[in-house]
Amino acid sequence: MKSPFVKGVLDGVPIALGYLSVSFGFGILAVRSGLTTLTSVIISAVNLTSAGQAAGIAIIAAGGSYIEMALTQLIINLRYGLMSISLSQKLDSTFNTPRRLLVAYGITDEIFAVASAQKGLLTARYMYGLISISTLGWCTGTFLGASAGQLLPASLTNAMGIVLYAMFIAIVIPPARKSRGVLAVAATAAICSMIFKYLLPQVTGGFAIIFSAIIAAVIGALVFPVAEEEKTEGEAQ
């Protein structure tokens with residue numbers, strides 16, 4: 001009989017392997033933006049958010065303000081708060097406030113999905129195992145990518161640096177093929193981003209991300225609202 005911690009580690013191995021490759025791209029991106037390997041790893045260790053970290057690096061490279069950084073991270077990572085609230089319903093009675101805060105640190109899309117799929121209540125040791133191995137994979141990949149970015153030729157690191165962006169595209173395409181709403185929101189965000197970059201260059205990178213996300217979300221909500229029957233089906237599941 002495996003201990004809950006070991007089971008969490010084993011369940012987290014696929015996540016860690018996926019994070020290893022994706023964070024490799026982030027490490028290269030961070031070094032190319034002027035950060036050191038140590039700084040890149042620290043960012044990965046305290047954030048655990050690929051989209052948030054990529055946006056944060058862009059703001060740092062552009063010399064953005066703390067307000068831009070805070071608002072950008074709030075918008076991009078708000079979903080993690082919702083995931084944590086949802087997952088709190090599956091935690092067993094041993095979870096006190098410190099344990100809840102510790103587990104909240106490690107909630108990502110993949111960890112949330114794996115934890116939510118478990119039968120019965122979740123123990124603290126299971127979540128520790130799941131989060132620790134995933135975090136190790138994310139930080140290790142960042143270290144390897146940042147180190148490679150300092151050693152490999154610029155032509156090669158530039159090519160490998162698109163890994164992070166390829167992941168974002170891979171995330172968006174499947175749901176966009178099934179839903180016109182998702183496709184419209186993604187296209188709107190891309191168009192807004194290009195407008196800010198080429199027609200409104202005075203708007204900094206951080207605020208461009210914030211405005212693009214808000215505009216795309218509002219248009220998506222107004223033009224492609226979720227039907228009541230879809231909401232009911234989602235609640236039933």
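This is a predicted model: local features need pLDDT of at least 70, side-chain atom pairs count only at pLDDT 80 or more; totals for chains, interfaces and linings use all residues.
The buried residues of helix α2 are covered by elements that include α1, α3 (50–61) and α7.

**Helix α2**

Helix α2 spans residues 37–47. Its buried residues are T37, S40, V41, I43 and S44. Viewed down the axis of α2, these buried residues sit within an arc of 155°, so they line one face of the helix. In general, an α-helix has 3.6 residues a turn, so residues three or four places apart point the same way. L38 and V46 are exposed on the other side of α2. Just after α2 comes L48, with a positive phi of about 55°.

**Helix α6**

Helix α6 covers residues 109–116. I111, F112 and A115 are its buried residues. Seen down the axis of α6, they fall within an arc of 100°, so they too line one face of the helix. Those buried residues pack against α1, α4 and α7.

| α6 (109–116) | I111, F112, A115 | 100° | α1, α4 and α7 |

**Nonpolar cores**

In soluble globular proteins, nonpolar side chains tend to be buried together. Here the largest nonpolar core has 21 residues. Inside this core, L87, I107, L122, M127 and L130 have the most contacts. Four elements are listed as giving two or more residues to this core: α1 (4–32), α4, α6 (109–116) and α7 (124–151). Helix α7 supplies the largest share, 6 residues. A second, separate core has 7 residues, among them L29, L35, I43 and I57.

**Around I107 and S84**

What does I107 touch, leaving aside residues up to four places away in sequence? The contacts are Y80, M83, S84, L87, F112 and M127. Of these, L87 and M127 are named with I107 among the residues with the most contacts inside the largest core. F112 is a buried residue of α6.

S84 lies in helix α4, residues 66–87. Is S84 buried, partly exposed or exposed? Its relative accessible area is 23%. Buried requires under 20% and exposed over 50%, so S84 counts as partly exposed. Beyond residues up to four places away in sequence, S84 touches A104 and I107. S84 and Y105 are 21 residues apart along the chain. Their C-alpha atoms are separated by 9.4 Å.

**A pocket**

The second largest pocket has a volume of about 170 Å³. Its lining has 10 residues. P4, K7, L121, T123 and Y126 lie nearest its centre. By type, the lining divides into 5 nonpolar, 2 polar and 3 charged residues.

**The chain as a whole**

How many helices and strands does the protein chain have? There are 12 helices and 0 strands. From the N terminus on, the elements run α-α-α-α-α-α-α-α-α-α-α-α. The chain has 237 residues, and buried residues make up 36% of them. Consider contacts between residues at least 6 apart in sequence: 77% of these join residues at least 24 apart.

Technical notes
Residues are numbered from 1 along each chain as its sequence is written. Side-chain values use heavy atoms; hydrogens and water are left out. Buried means under 20% relative accessible area, exposed over 50%, partly exposed in between (1.4 Å probe, protein chains only). Contact means heavy atoms within 4.5 Å. A nonpolar core is a set of buried Ala, Val, Leu, Ile, Met, Phe, Trp, Tyr and Cys residues joined through side-chain atoms within 4.5 Å. The arc is that of the directions from the helix axis to the C-beta atoms. On a 1 Å grid over the protein atoms alone, a cavity is a set of points where a 1.4 Å probe fits but cannot get out, and a pocket is an open set with protein on both sides within 12 Å along at least five of seven lines; lining residues have an atom within 4 Å of a point. Grid points are joined across faces, edges and corners, and a volume is the space filled by probe spheres set on the points. Ala, Val, Leu, Ile, Met, Phe, Trp, Tyr, Cys and Pro count as nonpolar, Asp, Glu, Lys and Arg as charged, and the others, Gly among them, as polar.
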